[in-house]
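The following paragraphs lead through the model from a single residue to the arrangement of the chains. Please keep the sequence and the coordinates in view while reading.

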Amino acid sequence: MKILFLCGGIGKRMYPIEEDKFMFKLIGKELILHHIDHLKELGLKEEDFVFVCNPANIERLRELCGEDAGYVIQKRPKGMADAALTAKDLLHGEEILIVNPNDVFESSAYKNILKKKGGDSVILAHKVDKYFPGGYLVIEDEKIKGIIEKPREGKEPSNLVNIVVHLHRDSNNLIRYLERMESEQDDVYERTMDRMMKDGLDFRVVEYNGFWTAIKYPWHILNVMEYFLNRINRHVNEIKIPESAKIVGNVIIEAGAKIFENAVIRGPAYIGKDSVIGNNALIRGSNIGDRCVIGYSTEVKHAYIGDDCWFHTNYIGDSIICAGCSFGSGAVTANWRFDEENISIKIEDVKIDTGLDKLGCIMANNCKVGVNSSIMPGVRIGANSIIGAGTVVTRDLEPNKFLFFKNEQMLEENRLEIKDKKKERMERIKRG
Amino acid sequence: MKILFLCGGIGKRMYPIEEDKFMFKLIGKELILHHIDHLKELGLKEEDFVFVCNPANIERLRELCGEDAGYVIQKRPKGMADAALTAKDLLHGEEILIVNPNDVFESSAYKNILKKKGGDSVILAHKVDKYFPGGYLVIEDEKIKGIIEKPREGKEPSNLVNIVVHLHRDSNNLIRYLERMESEQDDVYERTMDRMMKDGLDFRVVEYNGFWTAIKYPWHILNVMEYFLNRINRHVNEIKIPESAKIVGNVIIEAGAKIFENAVIRGPAYIGKDSVIGNNALIRGSNIGDRCVIGYSTEVKHAYIGDDCWFHTNYIGDSIICAGCSFGSGAVTANWRFDEENISIKIEDVKIDTGLDKLGCIMANNCKVGVNSSIMPGVRIGANSIIGAGTVVTRDLEPNKFLFFKNEQMLEENRLEIKDKKKERMERIKRG
Amino acid sequence: MKILFLCGGIGKRMYPIEEDKFMFKLIGKELILHHIDHLKELGLKEEDFVFVCNPANIERLRELCGEDAGYVIQKRPKGMADAALTAKDLLHGEEILIVNPNDVFESSAYKNILKKKGGDSVILAHKVDKYFPGGYLVIEDEKIKGIIEKPREGKEPSNLVNIVVHLHRDSNNLIRYLERMESEQDDVYERTMDRMMKDGLDFRVVEYNGFWTAIKYPWHILNVMEYFLNRINRHVNEIKIPESAKIVGNVIIEAGAKIFENAVIRGPAYIGKDSVIGNNALIRGSNIGDRCVIGYSTEVKHAYIGDDCWFHTNYIGDSIICAGCSFGSGAVTANWRFDEENISIKIEDVKIDTGLDKLGCIMANNCKVGVNSSIMPGVRIGANSIIGAGTVVTRDLEPNKFLFFKNEQMLEENRLEIKDKKKERMERIKRG
């Protein structure tokens, strides 16, 4: 069989993050590799994988996922039908599993759909307790008769939401259907499935009750991070840890990391290769990439930190800091509003409630933050931007900008008569 | 006998603090309860107490001091004579002890005045070494012949200053005198006492040399705090304290508190119920209320912290922070002037020298301070006010305000050619 | 013999530092005393030293170097020839060693030149690997035939650079030559030497390959500091160090110092007499003077700190902080540029590349820095200046100034409806 990974799309709502969502590294491995590992555990091999890429990511994907897999380029991100048709020559009429690698779920999802017998197609569905704005399956006699996209709350035909992990026994048949479908309109794949169901093809469901997140908005990275962190077991590589440093609970520390005195890493937490955790640093509930420096007296709490990030006396809470960023001493991310309401973020001119009352900043690659700067909750910073020292950042910053506050100063003569009371104060200190 | 607590007054000079002074909680108990406890130790009972309240505090007092005590409302804060007259029906002609519960003194003061034999009235007096602007007793043949209010320095008739802990053997007689006194003028009570002395009633003195502070200005809370802290014995409730945390000297830690790694609490210090002391926090010479969070890398030094206050990477020194306040990461209280002079505070248009060269801020209930803000020495912040991120607060702030600095910023293209030297710098770090 | 120390000059390029370079205290002793100690180890005595002073430093030098030495005042800093002529009466025709005490080198340099036999004069020369803008020796038949000042790169007559440690066997002869030389022009001493060589006097060279730095610019103090620190052996005076504090590697801690919990001092480092190292402080690669307070949660990294400096929650990196300075809580020195280029400093209108990509600030005596202020890389602060709270200092500040940012603020009513979620958040915290 073939696993068709849909890697050609572009996540506009992920701004300021420019990387593909499936390229996010969690506990040391890109999301796409987590998918591949799950599938390999079930017996699939590199040559079974077909990646529908875009021109910008094909090389990196090939490098990461191996030469034996198949790669095709989808020139424009035109959707699932186009993706499948683009990959047609690599499918050889085999059984195919179409996967959206931006979704995160447990390996049992793969296991259950792959072992499912019978039917022409099988769809993975998440059983939901409460309304979720997805595609709901219409079930009759244990078969799927249709998918209704975002029904109004209370109007759901079932509690089963479509996850893009779709098994089609006969890829030739799927391709034929797709080719016949009117492609000028949207949702070609969805309409094709509908057509196939109407034509009496046997669509079956595999229910799945485990963790599932479709990464749609940048803050979903934090949910996904939590999922991965909550599943790790303690594994501290053979590194020298000073007696005064404490590694508490489920923590992974990769090889080459260096931990300094009085640092505390409270699990769940992941520390990437060759990273440095400085004196008095506190890390909890966070994923730290490779070659990071979490410097002196820095707290990183419930944050995703990419590779090669440097911090020094900072508070980074509930934030997503992509690779290559640096924070000067005393710079902090504010992570809650004075009114303690949820933080909202404007996406394509619509204010979206993140559902989070604790959210720091979302910073794309290679940004630099000056000393004593403050970034307000939910602010997004575009890649390669710089924030000057002592700046309070209240609004989003585009990529490749330099933002600094208008530093108007007053200069006067120093006319103070200074009593130097240090001696006296020193005595108070020495007394304790 | 009856103990008449004067609780009807309003402390204007305590701005921005709105609470009654005797309601300040010290080492876990309101001042008024400290008074009551002292008296109960000497055999007095709840039904012996009479509280002259005001409409705003009667309910809270009743709740705190018990249903068996007597409560009356003094409609307007018209002084001691009015207070005594208001309570007249509850005194039943018994011996009465009139107490100003805003004064703080040792229990021996009560003990000594209660065991004093003879006389018609007894007045507690503090023996002073140096001039203090109070009421001085005129003594002849071991009897008090008058009280002179604020004589000029060098003109004091004795070294005995009147403390409002006054015993009158016959309350009926006192009431009769008070009722006969012209009440349109000020100082009715004082003039009544004068009249009684002139009429030959026998006023005796009980000298007291222990600690005494009349809370007049907000910074006196710090003196009173020191007094209480200096008398505590070490008592750490059965809580789990990490090995790396240190509790040094006379420290009380109440039940439910949680202490994190590398925290240091250096006595004298009091930590209230259910409070959290975060990693690397340092607390010394301070009173921390209930349910506080002294978060990561925060120092609280010689400060009074009310209930439900939250801190995170702050320095709070020589400050009074009332209940329900929050400080964002990196916000600090400055606590000394560049010229190292004493800090002065304007009260009713008069600049008062606090006598302190170390004084931080005085913050009323439920304020919020943004990240990286700075509050200058002696600044008073009214209740329910908010200080925006990165603001330097140089002046007093009224209640219910939102203060933030005018954040003018400059936005440019980032034209820097950035040499990424992280690899090289990392090697330097790893070398040590 | 006589050792003639040239102490009359004024180091203009050392701005903002006003002290004589040879008066810098390193590992507890002024540079000039390090010179004297080296010479005393070789058998020289106090009466062998002659100091050419200026009116401002003669008293301090006398106090420091002893009454038995000779002192003369050079009225104006007119150069080496004038210095030698000024001291003429104290030389008694003896052999003299002329030393510029602003140069730092190993004691072997003294040893080698003093044991050198023969010749009329001997010059110490540093063998250089690469171009250095100094005076190069012209060598013929093992004798010095001339000195060429700052030849163009590639045009050096040898790889031997003149260090001002010059031995003249006959000081009378030197004086005669100096007196005869035309003194209206510059470089009288250099021209005199040239004349002497041309007259056939025998100038010999002593090659020296050890450490040598001519302190020319303020940041050279950091090089000199490194040199001294790298040579120290661990020596911790008998002070009580809490178990949780760590002293790692080659560290000197002088008597009377006090170390608090969780402090880390990582060698090489020097802590002066009676200094206080506060809780959680980190000191590495630094020289801390006497009576300093490195307060709570402060990092001092690769910095020179003079006597009587006070810090509290600061980051001081790659900086030179002269005596008597204070930093408020949260004030930091930024020590690298966003573009990671070397830091340049303008000296006499010429931008000089310091050669350092890490350089903090250079601060003269008795400055005070307000809370949460930020000082940009390479900024120089003149003596007795004050920086207000929350100021970002991007340019040099003259002495005796008061710099503060124009604090424009907005005051609004607080209209936020505040949900107090502390209880809920507290539960999350307590869960860990």
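Ile17(A) counts as buried because its relative accessibility is 6%, under the 20% that marks the limit for a buried residue. The value belongs to a predicted model. Ile17(A) lies in a loop of chain A, between β1 (2-6) and β2 (25-26). Which residues touch Ile17(A), once its neighbours within four places in sequence are left aside? The contacts are with Phe24(A), Pro218(A), Ile320(A), Cys322(A) and Ile362(A). Ala383(A) gives a further view of the surroundings: its C-alpha is 7.7 Å from that of Ile17(A), although 366 residues separate the two in sequence.

Chain A has 432 residues, of which 58% count as buried. Among its contacts with a separation of 6 or more, 46% are between residues 24 or more positions apart. The secondary structure of chain A comprises 8 helices and 40 strands, and its C-alpha atoms fill a box of roughly 95 × 50 × 40 Å along the principal axes. Chain A carries 61 positive and 65 negative charges, whose mean positions are 4 Å apart.

Among the strands of chain A, eight form an open sheet with parallel pairing, in the order β14-β16-β19-β22-β25-β28-β33-β36. The edges of this sheet are β14 (235-236) and β36 (380-381) of chain A; each has a single partner strand, so one side of each is left without a neighbour in the sheet. Within the order, β22 (residues 287-288) and β25 (residues 304-305) of chain A pair in the parallel sense over 2 bridges. In this pair, Ile288(A) stands opposite Ile305(A) of β25(A).

An antiparallel pairing is found elsewhere in chain A, where 4 bridges join β31(A) to β32 (residues 350-353). Ile345(A) stands opposite Ile352(A) of β32(A). In a regular strand, side chains alternate between the two faces of the sheet. In β31 (residues 344-347) of chain A, Ile345(A) and Ile347(A) make up the covered face, whereas Ser344(A) and Lys346(A) make up the uncovered one. The hairpin of β31(A) and β32(A) has 2 residues between its strands, and Glu348(A) takes a positive phi near 50° there.

Helix α7 (residues 220-230) of chain B is largely enclosed by the rest of the structure, because 8 of its 11 residues are buried. The buried residues of α7(B) are His220(B), Ile221(B), Leu222(B), Val224(B), Met225(B), Tyr227(B), Phe228(B) and Leu229(B).

The relation between the chains remains to be described. How can chain B be laid on chain A? A turn of 120° with a shift of 0.0 Å along the axis superposes chain B on chain A with an RMSD of 0.1 Å. These two copies are therefore related as by a three-fold rotation axis. For chain C on chain B, the superposition likewise involves a turn of 120° and a shift of 0.0 Å along the axis, with an RMSD of 0.1 Å.

Notes:
Residues are numbered from 1 along each chain as its sequence is written. Chains are lettered from A and ligands numbered from 1 in the order in which they are written. This is a predicted model: local features need pLDDT of at least 70, side-chain atom pairs count only at pLDDT 80 or more; totals for chains, interfaces and linings use all residues. Side-chain values use heavy atoms; hydrogens and water are left out. Buried means under 20% relative accessible area, exposed over 50%, partly exposed in between (1.4 Å probe, protein chains only). Contact means heavy atoms within 4.5 Å. Lys and Arg count as positive and Asp and Glu as negative; His and the chain ends are not counted. The place of a charge is taken as NZ of Lys, CZ of Arg, CG of Asp or CD of Glu. Copies are superposed by least squares on the C-alpha atoms of residues with pLDDT of at least 70 in both. Two strands pair if DSSP finds at least two bridges between them.
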